[in-house]
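Please look at the sequence and the structure before reading on.

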Amino acid sequence: MAGLMLNFNNPFNKIIKMKKYFLLVIITIVTSFSLFAQSDPVKVQLDHIFQYINKTQIPTGYLDEYGAQFVDKKPYNGILSDSNIIRELTIFKLIYNDLSTAKINSAALSLPTIDALNSQLEALPASVSTPLIIHLSHYDSLREDGIQQNLFTYSNNQIFDRAGRTQSPYITKLLFAACPTLPYGKGNTISLTYNPALFYSNWNKQVSSVSINFLDGAGYVLLPAHGTLSKIYTDSSGFKKFAIKLVCTDGSIYYCYSGQYVDVPVTGSFANRYEIIEEIDLANPLFTKELAGQYSKGKVYVRYSKKRLGTPLENSIVKPLIVVEGYDIHDAAPSLQKENYNINKLIEEWDQLQGYDFNGVLDDEAGYDLIFVDYYTMDAIQDNAKMLEAVIDEINLRKVNNGLGVREQNVVMGISMGGLVSRYCLAKMTKNRGSASTDTRLLLTMDSPHQGANIPLGFQHFIYDFGEVSVGSVKFKKVSDQLKQFYELQMKPATAQQLIARVTDANGTIVYNTFLQNGNDYRNTITFSGSDPIPSYSFKAVSQGSACAQWVMQPGTNLVDVVDNKMAALNIIL
């Protein structure tokens, strides 16, 4: 943990070390005992350390060493540097929480609580543009030479003011942090807006202007209050950095870097795979089979094979390969997965296979039309299957005979969770509507958890318990968007239907999966008896795991040990 390599002959460095070591202790043992879920021992220790100093002599009323220190605040001093970058909202919240918990003088100007900040963010209306959130404050830090300069005395893990000192023992510093409230742009575009309500400060500073430099040579461009500023990227996908400039009414100027992830349409050799003809948005009533509220919303990408270019069939679906995406958490948890998995990612991955031209075999040689089903939500498998059924019906409706007068049957490939969705969908169509309804000859599933998926319970429990840790009277889950989204994912229907066992709260409550077991809807649907219609398709399951369902490791296998000196081990087990 940063900051541990200090000069421990200095008592103030000892205080910093004690704080950070104590945090490490909490993180280490909380998974086993949950001792600190309802208390804040860090705050108790800090109150003891600073009990006797005169708080009114701290110029800003905020003392760095008194607050939580999850993030080193020194780089965020309003001056541009490589380390002065806020890459995501969680870092912003950690910095904000660090400073808000550093308030040591009750008379100082208060910052809104982290709960109030979260509530304000949650209340923001949906918008094409992403609001910026901005924090400008000042705070004080203990002089490292305070003891040597006779500014303090130190005894029994406490510091005391030195009577008659002739200079301040505190150094006043400033903090400037700003970033978008979402980690990703809209496709290949970053579009920002400035909302004055999202400006936070413990200082009597007023904003004059906000400007953005997209680092494209155009310099800083004014972003008016409630206005919008956009940048379109065409080079590559990924994190795009930009600089933020804040000018206050007193003429002071502050800078920091931030950025967003963008998804740029692919270029190069794999971009020319297939013909990009059509994208069908299931959020709109474009499908002839759609009924309001019948199934999950999503998008279907259609890419026609290049093999038929120049023929009468070049704009027709002739030989469909329907690919159903897997457990894509981008829309539900953008802080955990920055980019959406779409057809471009699929084609790019296939094109990068070593020693085998997978796309070429599918397109140039076999002439498959590629159809990709991209879900927007983490709905139940049954609901996702309803959408897939509508997709298959629409493909079958649009499909035409090949040049030899033969009607090609579909191939359906489900990736991960998409394999469960595909298997359920085709089986239900067969049982309810007859074998011919699917017009499918082959079902492939890739790495699909047909018997359930496994995330170690020890890891799940650790994440929950860590979120309950209080530092500065604020639980860690309040400042971590990743933790919050992890909790929300645990409760999504698709998660509950796949995980063999999942932890649902910090008390270690375990819920076991019955969805995939015999006697339930899923298993009953995919199991064919002698009286059921015979499926028109064969079923092949492909996995990167071990063959013939051989165990890689037994349940209860110890995966990780973290031991800090004499502290209890943190065990993560399967």
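Q: Which helices and which strand each supply at least two residues of the lining of the second largest pocket?
A: Helix 3, helix 4, helix 10 and strand 1 (130–142) each do so, where helices (H or I, at least four residues) and strands (E, at least two) are DSSP runs numbered from the N terminus. Helix 10 gives the most, with 5 residues. This is a predicted model, in which local features need pLDDT of at least 70 and side-chain atom pairs count only at pLDDT 80 or more, while totals for chains, interfaces and linings use all residues. Residues are numbered from 1 along each chain as its sequence is written, and side-chain values use heavy atoms, with hydrogens and water left out.

Q: What makes the second largest pocket a pocket, and what lines it?
A: On a 1 Å grid over the protein atoms alone, a pocket is an open set of points with protein on both sides within 12 Å along at least five of seven lines, whereas a cavity is a set of points where a 1.4 Å probe fits but cannot get out; lining residues have an atom within 4 Å of a point. About 800 Å³ of space lies in the second largest pocket, and of its 30 lining residues Leu121, Glu122, Thr181, Leu182 and Lys484 lie nearest its centre.

Q: How many cavities of 30 Å³ or more are there by this rule?
A: The count comes to 1, and the largest cavity has a volume of about 60 Å³, a volume being the space filled by probe spheres set on the points, which are joined across faces, edges and corners. Among the residues that line the largest cavity are Arg87, Glu88, Leu89, Pro180 and Lys338.

Q: Why are helix 3 and helix 4 called roughly antiparallel?
A: Axes are lines fitted to C-alpha atoms, for helices over the stretch in contact, and angles run from 0 to 180 degrees between N-to-C directions. Angles under 35 degrees count as roughly parallel, over 145 as roughly antiparallel, 65 to 115 as roughly perpendicular and the rest as oblique. The axes of helix 3 (residues 89–100) and helix 4 (residues 114–122) cross at roughly 150°, and the two helices are therefore roughly antiparallel to each other.

Q: What makes the link between helix 3 and helix 4 a contact?
A: Contact means heavy atoms within 4.5 Å, and in this sense Leu89, Phe92, Lys93 and Tyr96 in helix 3 meet Ile114, Leu117, Asn118 and Leu121 in helix 4. The residues of this contact divide into 6 nonpolar, 1 polar and 1 charged, with Ala, Val, Leu, Ile, Met, Phe, Trp, Tyr, Cys and Pro counted as nonpolar, Asp, Glu, Lys and Arg as charged, and the others, Gly among them, as polar.

Q: Why are helix 9 and helix 10 described as oblique to each other?
A: The axes of helix 9 (residues 457–468) and helix 10 (residues 481–490) come within 10 Å and cross at roughly 130°, an angle left to the remaining class, and the helices are therefore oblique.

Q: Why are helix 7 and helix 8 called roughly perpendicular?
A: The axes of helix 7 (residues 381–398) and helix 8 (residues 417–433) come within 8 Å and cross at roughly 65°, and the pair is therefore roughly perpendicular. The residues of their contact divide into 11 nonpolar, 3 polar and 3 charged.
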